[in-house]
Amino acid sequence: MSDGKHTYLKFTVNTLRLLSMWPQEGSRCSSFLKQYYVTSILTVTILPVVADMMTQFFEETVSLTDVIENVIALTALLGVIYISFCFIKNKNSIRALIEDLAQFEAFSPMSLIHSTEKSAQFYTKLFIFYGLVGNFCYGLMPLLHYRVCQKNKTFHMLKYGIPCGMVTRYVLPFRYDTSPLKQLLIVTVIVECTLATTIIMSVTMLICGVLIHLTSHLKRLKTLIADLSFCPQEELHEKVRFCVRFHVALVDYATRSDLCFNKMMLLHVSWTGFVISVLGFEIIMTDDVTEALRFGMHLAGWLGMLYVVCHYGQTLMDEMWIRDLPLSWHYQEKQQLTTPTNINRSNTQLTRTMSHDYLKFFVKTLTVLNMWPRNHSTTIKQYYVTTIVTITTFPILADLISQFYEDDTSFASVNENFVALSALYGVMYVSTCFIRRKSEIVALVRDLQKFEDYSPKSLIEETDKSVGFYTKLFIVYGIVGNVCYGLLPVLGYRSCQNDRSSHMTRFGIPCGLVVRFLMPFRFDYSPLAELVALYEITICILVTTVIIVITMLICGVLMHTTAQLGHLKGMILEMSSVTDRDVLEGRMRLCVKYHTAIVDYATRADQAFNQMMLLHITWTSFIISILGFEITTTPDYVEAFRFFLHLSGWLGMLFIVCYYGQAIMDESSAISDAIYSFHWYEKESSMQKYVILILLRSQKALTLKACGLKVMSLATFLGVECDLECCCMLICVFSGFVLGLFVLYVALETEAHAVSDREVNLVLAQSPNFYPSNVGSSKSLRHLTRYGCSA
C-alpha cells in the first residue's frame, strides 16, 4: 500500500491520528512536536499531583485515602506516558505493520478479511465507548459528596485552596476553590482522564487488532492444510508450496509484531499489578459505596485491558501450533498395500450397522434439565435453568446491599451471601458456556462410536460403565449433601430466634434458611417461611446437579480418550513381535490413523470445554477462600461442618477434573515412550517415517486447558490447595494483628478516661498518624476487629 491509505484498522488509526500520535507526512520538526503534545500535557499534569502528595507528608495528620488516590493517579499517568513514548518510538514500524496487512489478500479471501476487520473494529469501539462513559462517571462521582466534603474540609485543603469534587487533588501556586476556577479545573481533570483512557485503549486495541487478523489468517491456513487431504495428486505439490509461503508470511508478520509491541506489553505485566493492588486496597478500606464503585470501575478498566491482550495473545499461540494433523499424509502413497489388516478394517466399517449410544446417563439428565439439544427444543427452554438461577440471585443481592446501610452489619451474613452468589454465578457461567458449545459437545458424544473402528467395543462399554458409576456416586453425594446443607441451619433455629438482628426483624427474614433472602414482603410466618426454605434447598439440588453432570461429562470424555490412548499404546508395543513386512506396514498405518483420530478428538474436546474450565481455576479459588475464612472464624461447629460440606464439594469437582486431565497428559506422553521402545531402527526406512511422525506429535502432551490460562492437572489442583493454605495462614496472621490492635485500643480508651482531652490531643500530636481521621468509625474495621478477636 504505497499510497498511504490505511485500509485496515481504520477506526483505531483515525483515533490515533486525532491524538496526533500517528505518523504523518510533513516537516519532521513539526511532526515531532505534534506527536508528543499529548505526552507533554500528561507530563505537566503530573506536577500538581506530585505536589499535593509531597505536601501532605509535611502535615501533622496525613490522610491515607488521599495519598492512595494520588498514587493511583500518578501510576495511571506514568503508564500512559510510557505507552505513548514506546508507540511514537516505533511509529514507522507500526505503520508499516498495519499497511502490510494487505499482503494477506493474496492468501485469504476478501470476505474473511472484511469480517475480521469488522470484528476488530467493533471491539475497539466497544472498549473506547466504555472508557468514555466510565471516565465521565468516574469524574462526576466525587460531586455526589460535594456537600459532605464542604462540611469536613481538611486543614490541607483549606490551606492550599483545594476545592471539593475533584477526581484527584491538585496543589497549584494559587488558590482555585472559587468559581469559575474550580469548575474549570474539574472539567480539565475529566478531559485529561478521558484523554489518557483513549490513548491506552486505542494502542491496546491496535495490538489486539493485529493479533485478531493474525489469528484469522492462521485459521485459514489450517483449513487449507485440511483440504490437502482431498487434493488430487497432480495439484498437491503446488498447494503445499502455497501453504508454505502463507505460513512463512504469517511467521514473519508475527515476529515483526512482537518487535513493535513487546516493550509496551511490559506495562501490562508490571505496572498493572501495582495499580490493581492499590485499587484493591482502596476498595476494601473505603466505607463509601460510591467511592468503592468508582475505584471498581477503574480496576475493571485495567483488568479488561490486561485480559483482552492476554486472551488474543493466547489465541495466537494456540493457532500457531498446527496440532491436529488434519492432513492425511499416511494416504499419500503411489500404491496402496492390501494387507489382511486393511481387509479387516474395511470389514469393520461395512458391518457396523447398529450404533451404540455412549454416555447415556448424561444425555438423559441434561435432557430432563432441557440443556441437551433436541429436534424441537428452543433457546428459551435450554436457558430455563439459567433463568431460574438468575432470578434467585436478586433477593440475595438485595439482602447483601441492604446490609451495608445497617449499623450492625453481620460479617458472617455478608460472607454467606458472597458464597451463595459466587456459586450461583458459577453455575450460570457453566450453563451458558455449555449451551453455546452444545453442537460441539453433541458431536463429541456421538463421535465416540468412531473408536469402534480401532478398539474393541467391550473396552468402550466398560469405560462408559465406569463413567456412569462415578457420575451417579457424585450426584448422590451432591443430593445428600445439599439436603444436609439445607437442614443444618434448622438446628440453630432457637438460638437464631433469640438473637435475631434488627435487619431480619425489619425485613421479616425468618431463621433456618440456607442463605438470607430479602423480598418485597415479609415471609417470617407459616407457610411462607417453610416454602422459601424448601425453594432454597431445591435450588441448591438443581445447581449441584447441573455442575456435577457437566463436570462429569467432561471427565467422561477424558476417561474415554485416556482408555483409547492406553489401547493404542498396547497396539504399538505388540508390533515389536511382528515380522511380516506387509502385516507390519498395515498395523503401522492403523496406528497412525488411530493416533490422528485420538489427537483430533482430544483437540475438539479442549475447544469445547476450555471456557468452562476457567471456572475451576478462578471462581473456585475465590469460593474456597471465602469458605475457608468462614470455617476458621465461625464459633459454631454446625455452621463450620455445613461450610466444610460445601468446601469438599468444590474441591472434589476440581480434583476429579484435574486428575483426569493429568491422566490424559500422562497417557498421551506415554505414546512417545512406547513408539521409541519399538525396534524402529531395525525396520526399513518406509516404516521409520511413520515412527518419526508419531514420535514428534506424541512428545506434545494432550491437555485440557482453561481458556489457555492453565492446564488442568494435579499441579493446578495443588496450586489451588496452596491458595487455600495461604488464605488460612493470612487469616490467622491478620486475626492476631487485629486482636493486638483491639487490645491496644482498649488500653488507650481506659487511659483516656483518666486524662483530660488536652493531654490526649498532645499524645496524638506527638505520634505520626498516617491513617484517615475517621478510621475509628469505619464499619469494615469494626467488623474485622470483632471477628479478629473471636478468632
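Trainee: How do you know which parts of the chain carry the lowest and the highest confidence?

Mentor: The pLDDT of the chain averages 78, and 83% of the residues score at least 70. Confidence is lowest in helix α12 (residues 340-351), with a mean of 32, and highest in helix α5 (residues 91-99), at 90. Over residues 727-746 the pLDDT is below 50, and this stretch has 16 contacts in the model beyond near neighbours in sequence. Residues 751-791 are also below 50 in pLDDT, with 45 such contacts. Where pLDDT is low, the predicted coordinates should not be read in detail.

Trainee: Why is Arg642 called buried?

Mentor: The cut-off for buried is under 20% relative accessible area. Arg642 has 1% relative accessibility, so Arg642 counts as buried.

Trainee: What surrounds Arg642, not counting residues up to four places away in sequence?

Mentor: Arg642, which lies in helix α23 (residues 637-677), touches Glu416, Tyr485, Leu488, Pro489 and Val514. A polar atom of the Arg642 side chain is 3.4 Å from the backbone oxygen of Val514. The C-alpha atoms of Arg642 and Gly486 are separated by 8.8 Å, although these residues are 156 apart along the chain.

Trainee: Why is Leu487 called partly exposed?

Mentor: The label applies between the limits of 20% and 50%. Leu487 has a relative accessible area of 47%, and is therefore partly exposed. Leu487 is found in helix α18.

Trainee: What makes the nonpolar surface patch?

Mentor: The patch, of about 400 Å², is made by Ile479, Val483, Leu487, Val490 and Tyr493. Helix α18 (residues 457-491) gives the most to this patch, with four residues. An α-helix has 3.6 residues a turn, so residues three or four places apart point the same way.

Trainee: Which residues of helix α17 are buried, and against which helices do they pack?

Mentor: In helix α17 (residues 438-446), Ile441, Ala443, Leu444 and Val445 are buried. The buried residues of α17 pack against α13 (360-368), α16 (411-436), α21 (528-574) and α22 (581-633).

Trainee: What makes the pair Glu69 and Arg294 a salt bridge?

Mentor: The rule requires a side-chain nitrogen of Lys or Arg within 4 Å of a carboxyl oxygen of Asp or Glu. The N to O distance for Glu69 and Arg294 is 3.7 Å, and their side chains meet in a salt bridge. Glu69 lies in helix α4 (residues 64-89) and Arg294 in helix α11 (residues 289-320), so the pair ties together parts that are 225 residues apart in sequence. Both Glu69 and Arg294 are buried. The count of salt bridges by this rule comes to 20.

Trainee: Why is Asp447 called buried, whereas Arg446 is called partly exposed?

Mentor: The two values fall on opposite sides of the 20% limit. Asp447 has 9% relative accessibility and so counts as buried. Arg446, at 47%, counts as partly exposed.

Trainee: With which residues does Asp447 form salt bridges?

Mentor: Arg446 forms a salt bridge with Asp447, the closest N and O atoms being 3.9 Å apart. The side chain of Asp447 also meets that of Arg604 in a salt bridge, at 2.6 Å from N to O. Arg604 lies in helix α22 and Asp447 in the loop between α17 and α18, so this pair ties together parts that are 157 residues apart in sequence. Arg604 is partly exposed, because its relative accessible area is 24%. Salt bridges that share partners join Arg446, Asp447, Lys450, Asp600 and Arg604 into one network.

Trainee: How do you know that the peptide bond from Ser179 to Pro180 is cis?

Mentor: Omega for this bond is near 0°. Pro180 is in the loop between α8 (155-160) and α9 (181-227). A cis peptide bond also joins Ser526 and Pro527, with omega about 0°. The place of Pro527 is in the loop between α20 (502-507) and α21.

Trainee: What is the backbone phi of Leu359, and is this residue buried or exposed?

Mentor: Leu359 has a positive phi of about 55° although it is not a glycine. Leu359 is found in the loop between α12 and α13. Its relative accessible area is 2%, so Leu359 is buried. Asn370, likewise not a glycine, has a positive phi of about 60°. Asn370 lies in the loop between α13 and α14 (379-382).

Methods
Residues are numbered from 1 along each chain as its sequence is written. This is a predicted model: local features need pLDDT of at least 70, side-chain atom pairs count only at pLDDT 80 or more; totals for chains, interfaces and linings use all residues. Side-chain values use heavy atoms; hydrogens and water are left out. pLDDT is the predictor's confidence in each residue, from 0 to 100. Helices (H or I, at least four residues) and strands (E, at least two) are DSSP runs, numbered from the N terminus. Contact means heavy atoms within 4.5 Å. Buried means under 20% relative accessible area, exposed over 50%, partly exposed in between (1.4 Å probe, protein chains only). A polar contact is a pair of N or O atoms within 3.5 Å; within protein, one must be able to donate a hydrogen and the other to accept it, and residues adjacent in sequence count only if both atoms are side-chain atoms. Patches are made of residues with over 30% relative accessible area and no salt bridge: like charges are joined within 9 Å, nonpolar side chains (Val, Leu, Ile, Met, Phe, Trp, Tyr) within 5 Å. Accessible areas come from the Shrake-Rupley method with a 1.4 Å probe; for residues, only the protein chains shown count as cover.
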